[in-house]
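Open the model in your viewer and keep the selection tool at hand. The tour has two stops.

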Amino acid sequence: MATAAFETPKLKPYPVIPLVAAGATSHLKPYVASAAIQTAVGFPGELAEGWEQRAVAKMGELLDKYRSLRVYMDACVHCGACSDKCHYFLGTGDPKNMPVARQDLMRAVYRRYFTFAGKHFPTLVGAVDMTKDVLDQWWSYYNQCSECRRCSVFCPYGIDTAEVTMAAREIMDSVGLGQKYSNEIIGKVHRIGNNLGIPGPALEDTLLGLEEDTKEETGVDVRFPLDVAGAEVLLVTPSADFFSEPHVESLIGYAKVFHAAGISWTLSSKASEAGNFGMFIGNYEQLRKIALRIREAALELGVKRIVVGECGHAWRVAYSFWNTLVGIGAGGKDPFAIQLQSQLDGRYKQPMHICEFTHDLIQRGALKFDKEKNDGRIITFHDSCNVARASRMGDMPGGQFVIPREIIKAVANHFHDMAPGTIHEATFCCGGGGGLLTDDLMEIRVKGALPRMEALKNVVDGHGVNFMATICAICKAQFSKVLPYYGFEMGMVGGVHQLVSKAIRLGEPE
Ligand code: SF4
Ligand code: SF4
């Protein structure tokens, strides 16, 4: 079991609502971005005189821009239905990690400056001034929300705390208080092309190495093409797939699927990152700028289809925002959006998730598997928040739950779901999403993983599960880190296409 400067919560056989421990995680905060990191992505370098007024003005701007935010500020009746639904509250007991309390940190300021009662009778309605003390609480608790949206599923009014968190981070960035982890990564995407900062030549080398390894493993010439103009498919995948374990195993799986189906494809050095941290910081301009790289790459390469690899928040951005952001699939009225829409093949969903792509080929009998090659694994599936609650797959409601599981069952013989209430739309976050996947937040990451670890323990004990598949790069990285804290092997997490890779038949060695 991993050791740490904090106590790892004890696993219980069923979820227990913790005793309230006021201030238990008030000390947890991410590193602050330096002035250089901030200014590189267009934000003020640090807090400067008058930041309070600027923060309130920014809040006003967001309230006008996003009607939903104003509704969320006004609609909460404090019924408490969300209070025990956040994994960070369940793992820490800190009442400010109850979603309603997290929202109230902003609601109190909203009331003070944007409601009649708050302007004239602040103490009667719990309205507070925007002060450094308030900002410190925002900094701590809006960086203890993974924007997973689980609480919104249980709110009778559909209030989405994730959007409140995004707005709070946007306000903080706008006055010069930004998160080092997320903003540094955004800078790298603009400078180098991906979150990991892998330059084009290194990427090319890696892909050549993967071709050699795969040839050695299978005897077959499976290609990992880069920047191939005229390919049918542009695959946009998280950069973790190029270097990190277990992520790279899924990249090998995608390549084998393209090979077995005989469909030409390419990666792009310009769009060598599917992830879009612009969403985590709630900044529309960054969200769009990062997404534009993918449109540019698709236009330059002349591809007919855009497929997204195993990345939860990237799929949310692709599925929910690419159309209005940059016109991929539909939406977007500028000439480049129109050009891309006429270029992409209208017979296919644009964009398409790699799981939809593989599932469609399986349905049509285009792929064959030796399922027994996965017999050493007893598998469960972790639904990633951004796929489960912020997107869909296929043409049916709940397709995002059905399709990955159908792929697993097509390539492996042993599958057991975790308990209802911990999967599908009620899935528990891995604990590291939404810009929290940084070592400076390790304590909240470990504690926030508790509900998922408890559900996992039940299928490990009850069914001998030894592998948890997931389709998110952040979930894979987070679980690799936190599984040992709870006494599990870090290698028991992996991708759905890692399982595909193991079982797929590639034809005769060449
Ligand atoms: S969005 Fe997720 S992390 Fe944030 S408050 Fe709701 S349940 Fe907690
Ligand atoms: S469930 Fe909705 S209305 Fe009830 S306290 Fe939570 S956010 Fe407010």
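Predicted model: local features only at pLDDT ≥ 70, side-chain atom pairs only at ≥ 80, totals over all residues.

**Stop 1: two helices**

Select residues 399-411, which form helix H19, and then residues 496-503, which form helix H23. The two helices pack with their axes 9 Å apart, at an angle of about 25°. Angles under 35 degrees count as roughly parallel, and H19 and H23 are therefore roughly parallel to each other. Their crossing is left-handed.

Next, show the side chains where the helices meet. On H19, pick Pro404, Ile407, Ile408 and Val411. On H23, pick Val496, Leu499, Val500 and Ala503.

**Stop 2: the largest pocket**

Clear the selection and pick Tyr181, Leu196, Ala240, Leu437 and Ala477. Of the 26 residues that line the largest pocket, these lie nearest its centre. The volume of this pocket is about 480 Å³.

Now colour helix H10 (180-191) and helix H22 (473-482), the elements that give two or more residues to the lining. Which element gives the largest share of the lining? That is H22, with five residues.

Finally, colour the pocket lining by residue type. The lining residues divide into 11 nonpolar, eight polar and seven charged.

Methods
Residues numbered from 1 in each chain as written. Chains lettered and ligands numbered in written order. Heavy atoms only, no water. Axes fitted to C-alpha atoms, helices over the stretch in contact; angles between N-to-C directions. Helix = DSSP H or I, 4+ residues; strand = E, 2+ residues; numbered from the N terminus. Parallel < 35°, antiparallel > 145°, perpendicular 65-115°, else oblique. Left-handed = near helix turned anticlockwise from the far one by under 90°. Contact = heavy atoms within 4.5 Å. 1 Å grid on protein atoms, 1.4 Å probe; cavity = no way out; pocket = protein on both sides within 12 Å on 5 of 7 lines; lining within 4 Å. Points joined across faces, edges and corners; volume = space filled by probe spheres on them. Nonpolar A, V, L, I, M, F, W, Y, C, P; charged D, E, K, R; others polar.
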